[in-house]
Amino acid sequence: MGHSYRPGLFVTDFDGTITRQDFFRLVVETLAPGGMETFWRGYLNNRYTHFEALQGIFGSIRADEAQLLELVHKAEPEPHLTKWVERLNAAGWDVVVASAGCGWYIDRILSTTRAILEVHASPGRFVPGNGLLMELPIGSPYFSPTHGIDKAAVVRAGLQRGQTVAYAGDGFSDLPAARLVAEPLRFARSDLSDALSREKLGFTPFESWGSIAEALCAVDPKTINNT
Ligand SMILES: [Mg+2]
């Protein structure tokens, strides 16, 4: 017997979606001030992939692990995450995190909430003097050479299993995944809402992850079509 799936799958971005603060922005603000200019601008100018930009920023951290762990406590995850994940599960929704970020901080931030979530992200380890070393998740079924995790592939896997799929995100890298879900199940803020608006694709704006969970708990995934 394999994994048993609920009728609905809620695929969610992590940084800026489950958390209010992007971890890499906390890093460049405090521990790697040159990272934004070198690596993030390099990504925007197509000199680096998204993965290489984040890897470069995290690899330029010269603080000790305690200073990096202080940032874990500044990420501001959804305060009622555990309650909402339980309610979503009870309402028929599996909840899966799909992130272009690093599992090192995602796991630590989630452990402050005690929520149990399936996470797809790039692995990493902290090495004093070398920073947070992020590696491509080459063993992942959703591997992407440019983003680490292919978020759209996580959505497609649910669709192929026959699940009703919802998606929430806040960045440009969320666009391919967000395009694949039905408008009533598409949640966006920040850069993702701008990108969807340019494509004239409808979505529900959100302020907090809890408000998305509340909306999804009110719908039975078995009654919604993906198209
Ligand atoms: Mg994000």
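Two residues are in contact here if their C-beta atoms, placed from the backbone, lie within 7 Å. Keep that in mind for the close-ups that follow, which all come from a predicted model.

**View 1. Leu54 and the residues it touches.**
Which residues does Leu54 touch, not counting residues up to four places away in sequence? They are Phe24, Ala100, Gly101 and Met134. Is Leu54 buried or exposed? It has 28 C-beta neighbours inside 10 Å, and a residue is buried if 20 or more other C-beta atoms lie within that distance, so Leu54 counts as buried. For a sense of scale, look for Arg125 as well: Leu54 and Arg125 are 71 residues apart in sequence, and their C-alpha atoms are 14 Å apart in space.

**View 2. Helix H3 and its buried residues.**
Helix H3 covers residues 50-59. How many of its 10 residues are buried? The count is 7, so helix H3 is largely enclosed by the rest of the structure. You can pick out the buried residues of H3 by name: Phe51, Ala53, Leu54, Gln55, Gly56, Ile57 and Phe58.

**View 3. Helices H5 and H10 packed together.**
Two packed helices are described by the angle between their axes and the distance between the axes. Here the pair is helix H5 (residues 81-90) and helix H10 (residues 209-217), which pack at an angle of about 20° with their axes 9 Å apart. Angles under 35 degrees count as roughly parallel, and H5 and H10 are therefore roughly parallel to each other. Their crossing is left-handed.

**View 4. The residues where H5 meets H10.**
From H5, look for Trp84, Arg87 and Leu88; they meet Gly210, Ala213, Leu216 and Cys217 in H10. The residues of this contact divide into 5 nonpolar, 1 polar and 1 charged.

**View 5. The setting of the close-ups: the protein chain.**
Finally, here is the chain to which these pieces belong. Its secondary structure comes to 10 helices and 10 strands. Of its 227 residues, 45% count as buried. Taken along the principal axes, the C-alpha atoms fill a box of roughly 50 × 35 × 35 Å. A compact globule with 227 residues would have a radius of gyration near 17 Å, and the chain's value of 17 Å agrees with that. Among contacts with a separation of 6 or more, 61% are between residues 24 or more positions apart.

Terms used: Residues are numbered from 1 along each chain as its sequence is written. This is a predicted model: local features need pLDDT of at least 70, side-chain atom pairs count only at pLDDT 80 or more; totals for chains, interfaces and linings use all residues. Axes are lines fitted to C-alpha atoms, for helices over the stretch in contact, and angles run from 0 to 180 degrees between N-to-C directions. Helices (H or I, at least four residues) and strands (E, at least two) are DSSP runs, numbered from the N terminus. Angles under 35 degrees count as roughly parallel, over 145 as roughly antiparallel, 65 to 115 as roughly perpendicular and the rest as oblique. A crossing is left-handed if the near helix is turned anticlockwise from the far one by less than a right angle, and right-handed if clockwise. Ala, Val, Leu, Ile, Met, Phe, Trp, Tyr, Cys and Pro count as nonpolar, Asp, Glu, Lys and Arg as charged, and the others, Gly among them, as polar. The radius of gyration is taken over C-alpha atoms; the globule rule is 2.2 Å times the number of residues to the power 0.38. A residue is buried if 20 or more other C-beta atoms lie within 10 Å of its own, exposed if 12 or fewer, and partly exposed in between; C-beta atoms are placed from the backbone.
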